[in-house]
Amino acid sequence: MNAQVLNETARALVAGDKGLLAMDESNPTCHKRFAKLGIPQTEAARRAWRELIVTTAGLGECISGAILYDETIRQQKKDGTPMVKALIDAGIIPGIKVDAGAIDMPAHSGEKVTEGLDGLRERLAEYVRIGARFAKWRAVITVGAGIPSRGCIQANAHALARYAAMCQEAGLVPIVEPEVLMDGAHTLERCREVTEEVLRTVFDQLCTQRVMIEGMLLKPNMVLPGLDCPKQQTVDEVAEATVNCFLRTVPAAVAGIAFLSGGQSAELASARLNAMNVRFKSRLPWALAFSFSRAIQQPALDIWQGKDANAPAAQQALLQRARCNRAARRGEYSAAMESA
Ligand code: 5MM
């Protein structure tokens, strides 16, 4: 493990006002999004969509790193250029999702555990050869009646820590993503309580597995009320609850925090990140950045609809969202940017 290289890569991913683009949807997730818009659920369509993303001119001004799916990291653009080279040429660091997805957890009704540790060392070595410099693993925590259980939190935290240690051994910066889901009618206070317990457990496991905290990034949920909760807090209240939760649980040595969007609208995700940076940036030990998938891609996908003729407008929409989130990192985002 080269600690200096890991620390430099982790810092580069959250440097300045840039953030990450998650384009690592597994085929089932990608197909769900394509199906809603009548886009064919084929390898050709997935490749075309991802080529549209990586060839968006100017994307590298806002995006530091892109998280790819196994299929995409092996693909080429129509002209034969590998996707990885296209990203590097655009000034974007290539990364790879390495978990094998979340399955139903035995003896834990309604809960999931993420798989993918078997054979991981060999897969990581191959991804390094292809050009990846960081990796990502997502754990899913569901909030409901009597859940999450201690067993679910511990199993997922342990797997995240084993994955992170193996990434660092291979020279890849691990992005550790424990996602407390927004689904349900739980309150913001309940989300805060669960997120705190999850983060405490995750960092305890990361230390136990000897993960170098300076050489990793955290990709968490914001602290939010459930989507069906009747009381939806203001942007400022969410910003405050989220930052306070992390101040209690995330070590100062972590190179950066890059939020997932988790099903928030693109505008709300930008506004909430912006509020955190406006109000707290100067007194936080870590950078507050983004690692959005839907909150960057969805407006562009809605325009593209699988048609070549719509590609320029879709790229414009993608760049617009990336610029909004870059502004949110600086604390300079405003609703007026949406109509610009
Ligand atoms: C939570 O999902 C991650 C962030 O995306 P959003 O900003 O849309 O919430 C995302 O990176 C996710 O891990 C990938 O899309 C892969 O998900 P699947 O379910 O396909 O493994």
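A salt bridge here is a side-chain nitrogen of Lys or Arg within 4 Å of a carboxyl oxygen of Asp or Glu. By that rule the count comes to 26 salt bridges.

Before I go through some of them, a word on the source. This is a predicted model, in which local features need pLDDT of at least 70 and side-chain atom pairs count only at pLDDT 80 or more, while totals for chains, interfaces and linings use all residues. Residues are numbered from 1 along each chain as its sequence is written, and side-chain values use heavy atoms, with hydrogens and water left out.

I start with aspartate 24, which forms a salt bridge with lysine 136; the closest N and O atoms are 2.6 Å apart. Aspartate 24 sits in the loop between E1 and H2 and lysine 136 in strand E6 (residues 134–141), so the pair ties together parts that are 112 residues apart in sequence. Helices (H or I, at least four residues) and strands (E, at least two) are DSSP runs, numbered from the N terminus. Are the two partners buried or exposed? Aspartate 24 is buried, at a relative accessible area of 5%, and lysine 136 is buried too, at 4%. The cut-offs are under 20% relative accessible area for buried, over 50% for exposed, and partly exposed in between, with a 1.4 Å probe and protein chains only.

Next, glutamate 169 and arginine 121, whose side chains meet in a salt bridge at 2.7 Å, N to O. This pair links distant parts of the chain, with glutamate 169 in helix H7 (residues 150–170) and arginine 121 in helix H6 (residues 120–130), 48 residues apart. Glutamate 169 is partly exposed at 45%, and arginine 121 counts as partly exposed at 48%.

Salt bridges that share partners also join Asp24, Lys97, Lys136, Arg138, Glu177 and Glu179 into one network.

Now the ligand. Which residues are closest to the ligand? Of the 17 that surround it, the closest are Ser26, Thr29, Lys136, Ser261 and Gly262, where near means one heavy atom within 4 Å. Some polar contacts follow, a polar contact being a pair of N or O atoms within 3.5 Å. From glycine 262, a backbone N or O atom lies 2.6 Å from a ligand oxygen atom. The protein covers 91% of the 500 Å² of accessible area that the ligand has on its own, by the Shrake-Rupley method with a 1.4 Å probe.

On to helix H3, residues 43–54. Its 12 residues reach 17 Å from first C-alpha to last, close to the 16 Å expected at 1.5 Å a residue, the expected span being 1.5 Å times one less than the number of residues. Of those 12 residues, 9 are buried, so H3 is largely enclosed by the rest of the structure. Among the buried ones are Trp49, Leu52 and Val54. The elements that the buried residues pack against include strand E1 (19–23), helix H5 (83–89) and helix H12 (311–330).

Last, leucine 87, in helix H5. Leucine 87 counts as buried at 1% relative accessibility. Not counting residues up to four places away in sequence, leucine 87 touches Val54, Ala66, Leu68, Ile92 and Pro94, contact meaning heavy atoms within 4.5 Å.

Terms used:
A polar contact is a pair of N or O atoms within 3.5 Å; within protein, one must be able to donate a hydrogen and the other to accept it, and residues adjacent in sequence count only if both atoms are side-chain atoms.
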